[in-house]
Amino acid sequence: MRAKVIGGGFAGCEACYQLLKRGVDVTLTEMKPLKKSPAHHLDTLCEVVCSNSFKSDLLDTASGLLKAEMRLLDSLVLDVAEQTKVPAGGALAVDRYAFSAEMTRRLEAFPSFNRVEAVETSLSDEGYDFVIVATGPLTDEALVPALQKVFGSKFLYFFDAVAPIVTAESIDLDSAFVASRYGKGEADYLNCPMDKQQYLAFYDNLVSAETVQLQEFENNVFEGCMPIEVMAKRGVDTMRFGPLRPIGLRDERTGEKPYAVLQLRKENIDGTRYNLVGFQTNLKYGEQKRVFSMIPALREAEFVRYGVMHRNTYIDAPKFLDRNFQLKTDKKLFFAGQLTGVEGYMESAVSGLVSALQAYRIFSGLAPVPFSSETITGALCDHVSSDFGEYSPMNASFGILAPLSEKIRDKSQRKIAYSHRAIENMKKTVINI
Ligand SMILES: Cc1cc2nc3c(=O)[nH]c(=O)nc-3n(C[C@H](O)[C@H](O)[C@H](O)COP(=O)(O)OP(=O)(O)OC[C@H]3O[C@@H](n4cnc5c(N)ncnc54)[C@H](O)[C@@H]3O)c2cc1C
C-alpha cells in the first residue's frame, strides 16, 4: 500500500507513523526547510510553534484524558513528548528542539519513509492508494487554489497569537517565587507577582499600547488563544480571572496571596528560557518590551522572541468530511489536523492518528474503527463531521463527550467519571485494532 501525506506537522507526522508501523510505504511532502511559514523556524518535522506546553496530563482534565486515550492508541507524538518533557507541574511540556528532532529521527528510521521537500500545490492522488492533507493552520497559499476547487469558498479564518520568551538569567528572582498552582506537581513555574498598584499601572499601559495593524478578520479571535491586550480590554479584572489569576498561588517569602501573578514556564530542559504563559500578543515589539517590563520580575527581561499573531485557516469540515476524516466526495482524500477545525497540538495529532488508521483499514478492506462518542477521540470525530450550523474550532473538552448516564453533582467527581468511562471504552476499542 502506498500513501502520501502532505504537511509534516503534528497531524502529518502522527499519520505517517501510524501508516509506517502498519507496513505502508509513505511519502511525506513537507515544504520546510525550503519554505517556512511565519510561525515555523526549525528545519525538523513536527514543530511546536507557540507554547511548549501540551496542557495537563491529569485525568481530571479533558486534555489529560485525551493523552490517556492517545497512550492506548500508541501515539508517536505522545511518546516523544514524554521522552523530551521539561518540568511543568501537572502539565506535559516539552523541549521544543529535542521534541522536533526526535520526531524526525523516529520517522526517518523507517526504511519505507520518503520525505520530499516541496511546496505542494496539488491534491492529486496519482500513484498512491490515498492522500492525507495535513498542512495546518498556516497552509501555504500555493495549495489554496487546489483546496478551493474542493471546498469552494467554504474556508474559515481566525487569528492565533504567540507568547514572548525571555532568558532565565534576565528575570529578577528577588521579585519572583517558585510554585505550582495549588502545589500540583513539582514547583515548576516562576511566578511574577504584582500588587494592586503595579497591576493597575500595567493594565493602563497594556490597554493603550500600540498593536500591529491587522489586515483582515481582526475581530475573529479564538477564545482559547486570545491576545492579552484584547483580553485586558474586556475589563480591568479580566486578566486576574485569566492568565494573571492569583488563585492557588501563595508567595512563601511573604506568606501573602498576590493581587495578580504572571506565570513563567520553562521553555527548554536546561531552563535557560521561559515563556510568559497566556501572554500571546499582537503588540508592537517595542511596546511588548516597554509594557511587559513593568512587571517587577521582568524589569530587566531580555526577550529571546517577541509575541506575534498569525492567520489561521480551517475548512468547514462538517459539510465535507465524515467521521473518518475522509472526504465525502472523493474517498481517496483524507484531511487531518488544525485544517479540519480541531484546535491544539494533541487534538491535531489524534486527528492524524485517526485519519491514518481509518484510511489504512478502509483501503485494506477492513471496517473503520467505531470510536465512541464517550471518548475525546470519538467526540472530535463527531465535531468535524456533525453539521450544527456555524462551525468553529474545538479543543478537547468534557463538554463534547456523550453525557453520563447518571447525574454526578460534584464537579471533580464528574470529570473523573467521564475519564474512567472513556478509558474503559478505549481499552475495549484498541483490542480490535
Ligand atoms: C501562531 C500560532 C500559535 C499557536 N499556538 C498554539 C498553542 O500554544 N498551543 C496549541 O495547542 N496549538 C497552538 N497553535 C495551533 C497549532 O498550530 C496546532 O495545534 C498544531 O501545530 C496543528 O498541527 P497541524 O499538523 O494541523 O499543523 P502544523 O503543525 O502547522 O503542520 C503543518 C505542516 O504543513 C506544512 N505545510 C503547509 N503548507 C504546505 C504545503 N503547501 N506544502 C508542503 N507543506 C506544507 C508546514 O510547513 C507544517 O510543517 C498555534 C498555531 C499558530 C499558527
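The legends below describe several close-up views of one predicted model. Residues are numbered from 1 along each chain as its sequence is written. Because the model is predicted, local features need pLDDT of at least 70 and side-chain atom pairs count only at pLDDT 80 or more, whereas totals for chains, interfaces and linings use all residues.

**View 1. The two domains and the place where they touch.**
The domain assignment, whose bounds come from an automatic or database source, divides the chain into domain 1 (2-155 + 313-431) and domain 2 (163-307). The C-alpha centres of domain 1 and domain 2 lie 30 Å apart. Contact, meaning that the C-beta atoms of two residues, placed from the backbone, lie within 7 Å, links 15 residues of domain 1 with 15 residues of domain 2. On the side of domain 1 that touches domain 2 there are 7 nonpolar, 6 polar and 2 charged residues, where Ala, Val, Leu, Ile, Met, Phe, Trp, Tyr, Cys and Pro count as nonpolar, Asp, Glu, Lys and Arg as charged, and the others, Gly among them, as polar.

**View 2. An open sheet and its strand β11.**
Strands (DSSP runs of E, at least two residues) and helices (runs of H or I, at least four) are numbered from the N terminus, and two strands pair if DSSP finds at least two bridges between them. An open sheet is formed by 6 strands in the order β10-β11-β12-β13-β9-β14, with antiparallel pairing. At its edges stand β10 (177-178) and β14 (303-305), each with a single partner strand, so one side of each has no neighbour in the sheet. Strand β11 (residues 190-194) is joined to β10 by 2 bridges, with valine 178 partnered by leucine 190 and phenylalanine 177 by asparagine 191. Towards strand β12 (residues 260-266), β11 pairs in the antiparallel sense over 5 bridges, and here cysteine 192 has leucine 262 as its bridge partner. A residue is buried if 20 or more other C-beta atoms, placed from the backbone, lie within 10 Å of its own; 5 of the 5 residues of β11 are buried, so the strand is largely enclosed by the rest of the structure. Leu190, Cys192 and Met194 cover one side of β11, and Asn191 and Pro193 the other.

**View 3. The nonpolar cores.**
A nonpolar core is a set of buried Ala, Val, Leu, Ile, Met, Phe, Trp, Tyr and Cys residues joined through C-beta atoms within 7 Å. The largest such core has 78 residues, and Cys13, Ala15, Cys16 and Ile132 have the most contacts inside it. Helix α9 (residues 345-363) gives the most to this core, with 10 residues. A second, separate core of 39 residues includes Ile171, Tyr199, Ile228 and Ile295.

**View 4. Tyrosine 360 in helix α9.**
Tyrosine 360 lies in helix α9 and counts as buried, with 22 C-beta neighbours inside 10 Å. Leaving aside neighbours within four places in sequence, tyrosine 360 is in contact with Leu19, Arg22 and Val24.

**View 5. The shell around the ligand.**
The shell holds 39 residues around the ligand, of which Gly7, Gly9, Cys50, Gly136 and Gly337 come nearest; a residue is near if its C-beta atom, placed from the backbone, lies within 6 Å. At least two residues of the shell come from each of α1 (10-20), β2 (25-30), β15 (309-315) and α9, and the largest share, 3 residues, comes from α1. The residues of the shell divide into 17 nonpolar, 17 polar and 5 charged.

Terms used. Buried ≥ 20, exposed ≤ 12 C-beta atoms within 10 Å, placed from the backbone.
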